[in-house]
Amino acid sequence: MSMQSYCTGGTKRGALIVLEGLDRSGKSSQCAKLVSSLSGQGFPVEAWHFPDRTTDVGKMISAYLSSKADLDDRTIHLLFSANRWEKKSLIEAKLKDGISLIVDRYSYSGVAFSAAKGLDLSWCKAPEVGLPAPDLVLYLDIPPEKAAERGGYGGERYEKLNFQKEVAKLFKALQDSNWQVVDASLPIEDVHNILKELVQKSITDCQRGKEFSFLWPA
Ligand code: Z5A
Ligand code: MG
């Protein structure tokens, strides 16, 4: 699909911006700060988060993450993916309307966490094919040990140091030309200023007609 079909009545399309990184790397804090500062400057932006725990699929995911339900590794992988697919048309509609989305985790978390359990990487990527590709992936880079020191590792599955180390390796294997790796060990305000500049540039590129694409881009 061409970028033209993402513009209605001359409206310039929004950008799909994804924040990724290990647990406690600061994604949620930075998403909130970005949306607050960019909307304060008049940019139409919305904060999104995957998993979206409000849907029926999201409730199953939430029960799994809090160990209230047990699911086969492939089953939970497909549920995480379905949780994105159920939002695909809304994502596209928002972008067409000129709204930029700042998304806390996306397909890269989906693939990295499942592949870290030992599932085949290509198998993990397959259900994500055809979802909107982010215009920019901001990877909040932090050593797993340092992230763990931030505390707040709760009782959810995956919140364990050795597992996070495996996830970090997988994230690195997924990086492509749309990624910007940012040092997430810096103070919160410094990280925010770096991210804000990158996001503003991406929004401007999209307004100027940057082509829209789908996962997985070459
Ligand atoms: N998962 C999956 O398996 N498959 C999928 O497809 C998807 C997800 C989408 C839940 O995700 C789990 O789902 C997750 C991946 C898996 N696994 N785990 N574990 P989640 O997004 O709901 O996880 P969360 O618990 O809400 O957030 P988080 O990622 O663990 O944390 P964060 O958002 O990156 O960090 P934060 O909440 O912004 O900050 C953490 C603390 O650090 C907080 O006290 C901050 O004040 C502090 N902080 C933040 N930045 C800084 C800096 N720069 N300096 C010092 N302190 C800081
Ligand atoms: Mg978070």
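## Basis

Local features in this predicted model need pLDDT of at least 70 and side-chain atom pairs count only at pLDDT 80 or more, while totals for chains, interfaces and linings use all residues. Residues are numbered from 1 along each chain as its sequence is written, chains are lettered from A and ligands numbered from 1 in written order, and side-chain values use heavy atoms, without hydrogens or water.

Helices (H or I, at least four residues) and strands (E, at least two) are DSSP runs, numbered from the N terminus.

## H1 against H9

Helix H1 spans residues 27–40 and helix H9 spans residues 188–207. Their axes come within 10 Å and cross at roughly 60 degrees. Axes are lines fitted to C-alpha atoms, for helices over the stretch in contact, and angles run from 0 to 180 degrees between N-to-C directions. H1 and H9 are therefore oblique to each other. Angles under 35 degrees count as roughly parallel, over 145 as roughly antiparallel, 65 to 115 as roughly perpendicular and the rest as oblique. The crossing is right-handed. That term applies if the near helix is turned clockwise from the far one by less than a right angle; anticlockwise is left-handed.

From H1, the contact takes in Gln30, Lys33, Leu34, Ser37 and Leu38. From H9 come Ile188, Glu189, Val191, His192, Leu195, Lys196, Val199 and Gln200. Contact means heavy atoms within 4.5 Å. By class, the residues are six nonpolar, four polar and three charged. Ala, Val, Leu, Ile, Met, Phe, Trp, Tyr, Cys and Pro count as nonpolar, Asp, Glu, Lys and Arg as charged, and the others, Gly among them, as polar.

## H5 against H8

H5 packs on helix H8 (residues 161–174) at an angle of about 130 degrees, with the axes 8 Å apart. That makes the pair oblique. The crossing is right-handed.

H5 contributes Tyr108, Ser109, Val111, Ala112, Phe113 and Ala115. H8 answers with Phe163, Gln164, Val167, Leu170, Phe171 and Leu174. This contact has 10 nonpolar residues, two polar and no charged.

## H2 against H3

The axes of helix H2 (residues 56–65) and H3 come within 9 Å and cross at roughly 140 degrees. H2 and H3 are therefore oblique. Their crossing is left-handed.

On H2, the contact residues are Val57, Gly58, Met60, Ile61, Tyr64 and Leu65. On H3, they are Asp73, Ile76, Leu79, Phe80, Ala82 and Asn83. Nine are nonpolar, two polar and one charged.

## Largest pocket

The largest pocket holds about 470 Å³ of space. A pocket is an open set of points on a 1 Å grid over the protein atoms alone, where a 1.4 Å probe fits, with protein on both sides within 12 Å along at least five of seven lines; lining residues have an atom within 4 Å of a point. The volume is the space filled by probe spheres set on the points, which are joined across faces, edges and corners.

The lining has 29 residues, and Asp23, Pro51, Arg53, Arg105 and Phe113 are the closest to the pocket centre. H1, helix H3 (73–85) and helix H5 (107–115) each give two or more residues. Eight lining residues are nonpolar, 10 polar and 11 charged.

## Backbone geometry

The Phe50 to Pro51 peptide bond is cis, with omega near 0 degrees. Pro51 sits in the loop between strand E2 (45–49) and H2. Another cis peptide bond joins Leu215 and Trp216, with omega about -10 degrees. Trp216 lies in the segment after H9.

Arg24, a residue other than glycine, has a positive phi near 70 degrees. Arg24 belongs to the loop between strand E1 (16–21) and H1.
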